[in-house]
Amino acid sequence: MFLLVCGEDSASSRNYIASLKKLYREKNHRIIEVSPTELEQEMKNESNMSLFGEPTIYMTNGLLAQWGKQKKKALDEMKKLHENKEISIIAWEGGKSL
C-alpha cells in the first residue's frame, strides 16, 4: 500500500495523517516514522520486524522532494510501492496538490 496525502491546506492534511495514525494503532499496526532518505534502509532493516506479527506502516514527509523533479521516476516508484502488498507507506507532502 502506498498512500500519498497532500493538499494546499497543510493543517487539514496533517490532521488527516494524525487520524490515520490513530486508526492504524487501534488496529494494532506498528507505526514507524522515518525520513525519506532513510525509508529504503528502514524497510530492509530486519530489526524492524515485529515479534508479534503486527503489520508495519512507514510514515514519511517530503518523499516526492527526495525523488526530485523526475516525475516519471516518482510515478514509477509510487506504482511499485502501491503494488507491493508487503510494504505499507503513508507519505505526506505539505503545500502540494496533485
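This is a short walk through one predicted model, from the overall layout to a few residues.

Residues are numbered from 1 along each chain as its sequence is written, and side-chain values use heavy atoms, with hydrogens and water left out. Since the model is predicted, local features need pLDDT of at least 70 and side-chain atom pairs count only at pLDDT 80 or more, while totals for chains, interfaces and linings use all residues.

The layout, then. The protein has 4 helices and 4 strands, in the order β-α-β-α-β-α-α-β from the N terminus. Those are DSSP runs, H or I of at least four residues for helices and E of at least two for strands, numbered from the N terminus. Of the 98 residues, 35% count as buried, where buried is under 20% relative accessible area, exposed over 50% and partly exposed in between, with a 1.4 Å probe and protein chains only.

Now Lys21, in helix α1. Is Lys21 buried or exposed? Lys21 counts as buried because its relative accessible area is 16%. Its side chain makes a polar contact with the side chain of Glu33, at 2.8 Å. A polar contact here is a pair of N or O atoms within 3.5 Å; within protein, one must be able to donate a hydrogen and the other to accept it, and residues adjacent in sequence count only if both atoms are side-chain atoms.

Last, Asn28, in the loop between α1 (10-26) and β2 (30-33). Asn28 is not a glycine, yet has a positive phi of about 65°. With a relative accessible area of 53%, Asn28 is exposed.
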